[in-house]
Each structure stands twice: as C-alpha cells, then as structure tokens.
Amino acid sequence: MANEIMHAVQYDSYGGGPSGLKHVEVPIPNPSKDEVLLKVEAASLNPFDWKVQKGMLWPFLPSRFPNIPGTDVAGEVVRVGPGVKNFKAGDKVVAMVNPRNGGGLAELAVTMKSLTVARPPEVSAATAVGLPVAGLTAHQALVQPAGIKLDGSGQQANILITAASGGVGLYAVQLAKLGNTHVTATCGARNIELVKSLGADEVIDYKTPEGAALKSPSGRKYDAVIHCATGIPWSTFEPNLSANGKVIDITPTLGSVASFALKKLTFSKKQLVPLLLSPKADNLDYLVKLVKEGKLKTIIDSKYPLAKAEDAWAKSMDGHATGKIIVEP
Ligand SMILES: NC(=O)c1ccc[n+]([C@@H]2O[C@H](COP(=O)([O-])OP(=O)(O)OC[C@H]3O[C@@H](n4cnc5c(N)ncnc54)[C@H](OP(=O)(O)O)[C@@H]3O)[C@@H](O)[C@H]2O)c1
C-alpha cells in the first residue's frame, strides 16, 4: 500500500477557517506498531478541530503542517501494526486519532490501538462517531468531578447542563439521567422540546432573563454544573450553587484556571473545576454499549460528504449545531 494514495482535507498554516482547507491526494498512512489503519466510514467534527487551526493550542498543536484535521472516526479496519492483536482487517470500529497528528478528514486514517473499540452491527458509523470526544467529555465530567454514578445508585443530585443542545451537552443530558439526578438544561428556544425528549427535567431558553441568570424554574440549587457554553461569569453561577456546588468548565481559560486555584487556596466550598478530556477505551466501549442498548442516542445535526468538508467546518465554527456534525468520505 506504500505507493497508494487517498483523498484527504488538510491545511498548511494557522487561520483561514473553511477556506484554509485544501483537498489533496496524499499517500495512505502506514500504521506503526500500535496503530490501526481504518477505511473511514464517518468522521465527526468538534470545536477542538477548528480551534487547533486557529492557533488556539499553539505551540502544542498541530504537531506539524500540513495537518489533516479530525480526531473522531468510525470505519473498517484495513490492517494493523505488529503490536495490535485484538483487531484484524474487516472489523468495524470507532476510534480516536492521536490528537497531536489528526488525520480523520480522509478516506483512510490511522488510529491508536489504545483508543480503538469494536462497533457492533447495531451501531452505525455515523452514530458511533459522535462518541469519542463529545461523548467521552460528557461522561468524564459527570463521573469524575461531578461524582454521578451512572447505574443510578448515588445520592440524588441537581445538575445544570449549559449548551445542552451541543455535541457534548446532548450526551451529558442523557448520561446524567442514567444517574440519580434532576437535570436542568439551557439551550435556545428551538431545541427545548428535543432536550426535554432526551430526559431533561426542566429546560430554560438561554436568551431569556431567567435563562441568562441560570435560575432553576423549580428553585433548585445545583450540586454540579456541566458547563458546555462559554462566557458565563462565576458571579452568575455562584448564587445558583448548593453549598458544595461545582462548576465543571469544559472550555477552561487562563481565568478559570486562576479562579480554580484561588478557590482551592481559600478553601471555598463552591468550586470551579477546569476539565480536559482524558480519553479511555473502556469508557468509549461503555458508551458504544449504551448506544447499542438504546440508552444513549447520537443526535446528528448534519452530514456532509468529504468533498464538502469546508461546509461542515463552517457549520461547526458557526457554533449553532444541534448535536454532531458528520463528514462521510
Ligand atoms: N475540555 C475538553 O476536553 C473539551 C472536550 C469537548 C468539547 N470542549 C469544548 O466544549 C464546548 C462545547 O463543545 P460542543 O462540541 O458541545 O459545541 P457545539 O456542538 O458547537 O455547541 C453548539 C451548541 O451550543 C449552544 N449554545 C451556544 N452558546 C450557548 C449558551 N450561552 N447557552 C446555551 N446554549 C448555547 C448552541 O445553541 P444555539 O444554536 O441555540 O445558540 C448550539 O446548539 C466547546 O467550547 C468545546 O471546545 C472541550
């Protein structure tokens, strides 16, 4: 396969947005020892992808130019590196590409063995491919800092999920309701019925004064906030938190990290907790099983062919997707 080429989408400098993406023919990548080469059936976009292009993770990412973006892929194994024993050609999987290298927006992609999991026939590529970044982030936020037990065995907790209509938020609502929780969610008016249908107990329109103030209509104080929106100050959260309430900020800024440190130093009971995804195959496998059992749904905002990847990119940058944006080669 060394001389074979494939279609891919790449950019060769920071900035440029959708028009910085170029359609190219490049050599098919070779899986190294612990990697898997997939024929991509679906990729999904995350804000992470265009934030890397914008240079927001400079100097760490991307590791080089040109860069083929895209971390979330689902497809069929073509071949595996010599250190991979649990997959073989023909297996259907969902996986995460090494975020340092990217590579998802292509006909074929190399994934890490450690973040590749089997996909049963009941779970389509487009459904599974929303899970790696968005699903795992929702899962990590709920299980770790928020301490929610997804088997329903924990103490009752009041949870607020901001931007509940986004890629992370829609998974967070459904996963939170597997625990012993009361879920308040914020989203735009057009998505209120959808978010309720996925289990939220009460939903507020973020463009109303009550929504902007994050007030629970039933007067609850939140034990944890899964904060998927951006730009909401601590002063808005603070009066809505229970005595030990935590805001789990999945888009941490230098300010939120400083605030986290300050609250720790001052032994504040109310906490702002920055969260960065630490992806684990076991958790991805758990989410795939939930999808198979019908306990977790992927809401697809839109699907684009790889030939129109720049339109998918523009849609993600616009910040108004309802669920996941999928790209199919
Ligand atoms: N820490 C990590 O490791 C990690 C992992 C994944 C994601 N993230 C970050 O988490 C954030 C969310 O990611 P995502 O994939 O869910 O984004 P997304 O899918 O692009 O979110 C879009 C949705 O957010 C809604 N929204 C925007 N502002 C809102 C507000 N103030 N209140 C309520 N809803 C609002 C929009 O609703 P309307 O269309 O009605 O405006 C839209 O439905 C991003 O900043 C992303 O970079 C971080």
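A: In this predicted model, Ala-163 lies in the loop between β8, which spans residues 157-162, and α4. Its backbone deserves attention, as Ala-163 has a positive phi of about 50° although it is not a glycine. The general rule makes this worth noting, because most residues other than glycine have a negative phi. Ala-163 counts as partly exposed because its relative accessibility is 23%, and a residue must be under 20% to be called buried.

Helix α4 is mostly covered, with 10 of its 10 residues buried. Among these buried residues are Gly-167, Val-168, Gly-169 and Leu-170, as well as Tyr-171 and Gln-174. In α4, the buried residues include Val-168, Leu-170, Tyr-171, Leu-175 and Ala-176.

The backbone oxygen of Ala-176 lies 2.8 Å from a polar atom of the side chain of Thr-181. Thr-181 belongs to strand β9, residues 181-187, and it is classed as buried because its relative accessible area is 9%. Cys-187 can be considered next. It too is buried, because its relative accessibility is 1%. The structure holds zero disulfides. For Cys-187 the reason is one of distance: its sulfur is 12 Å from the closest cysteine sulfur, that of Cys-228, and is therefore too far away for a bond, given that a disulfide requires sulfur atoms within 2.5 Å. Cys-228 is likewise in no disulfide, the nearest cysteine sulfur being that of Cys-187 at 12 Å. Cys-228 counts as buried because its relative accessibility is 15%.

In total, 23 residues surround the ligand, and the closest are Ser-165, Arg-190, Tyr-206, His-320 and Ala-321. By type, the shell divides into 12 nonpolar, nine polar and two charged residues. Both domain 1 (5-132 + 279-327) and domain 2 (146-274) contribute at least three residues each to this shell.

An N or O atom in the side chain of Ser-165 is 2.7 Å from an oxygen atom of the ligand. In the case of Ile-250, a backbone N or O atom lies 2.7 Å from a nitrogen atom of the ligand. Thr-251 uses its side chain, an N or O atom of which is 2.9 Å from an oxygen atom of the ligand. The ligand taken alone exposes 940 Å², and the protein buries 86% of that area.

Leu-254 lies in helix α8, which covers residues 254-265. It is classed as exposed because its relative accessibility is 78%.

The account may now return to backbone geometry. Leu-214 is another residue other than glycine with a positive phi, near 60°. It lies in the loop between α6 (209-212) and β11 (222-227). Leu-214 is buried because its relative accessible area is 2%, whereas Ala-163 is partly exposed.

A further loop, the one between α1 and β4 (72-80), contains Pro-59. The peptide bond from Trp-58 to Pro-59 is cis, with omega near 5°. Pro-66 is found in the loop between α1 and β4 as well, and a cis peptide bond joins it to Phe-65, with omega about -10°. In general, most peptide bonds are trans. Gly-70 is also in the loop between α1 and β4, and it counts as buried because its relative accessible area is 4%. Gly-70 and Gly-102 are 32 residues apart in sequence, yet their C-alpha atoms are 5.3 Å apart in space.

Methods
Residues are numbered from 1 along each chain as its sequence is written. This is a predicted model: local features need pLDDT of at least 70, side-chain atom pairs count only at pLDDT 80 or more; totals for chains, interfaces and linings use all residues. Side-chain values use heavy atoms; hydrogens and water are left out. A residue is near a molecule or strand if one of its heavy atoms lies within 4 Å of it. A polar contact is a pair of N or O atoms within 3.5 Å; within protein, one must be able to donate a hydrogen and the other to accept it, and residues adjacent in sequence count only if both atoms are side-chain atoms. Accessible areas come from the Shrake-Rupley method with a 1.4 Å probe; for residues, only the protein chains shown count as cover. Ala, Val, Leu, Ile, Met, Phe, Trp, Tyr, Cys and Pro count as nonpolar, Asp, Glu, Lys and Arg as charged, and the others, Gly among them, as polar. Domain bounds come from an automatic or database domain assignment. Buried means under 20% relative accessible area, exposed over 50%, partly exposed in between (1.4 Å probe, protein chains only). Helices (H or I, at least four residues) and strands (E, at least two) are DSSP runs, numbered from the N terminus.
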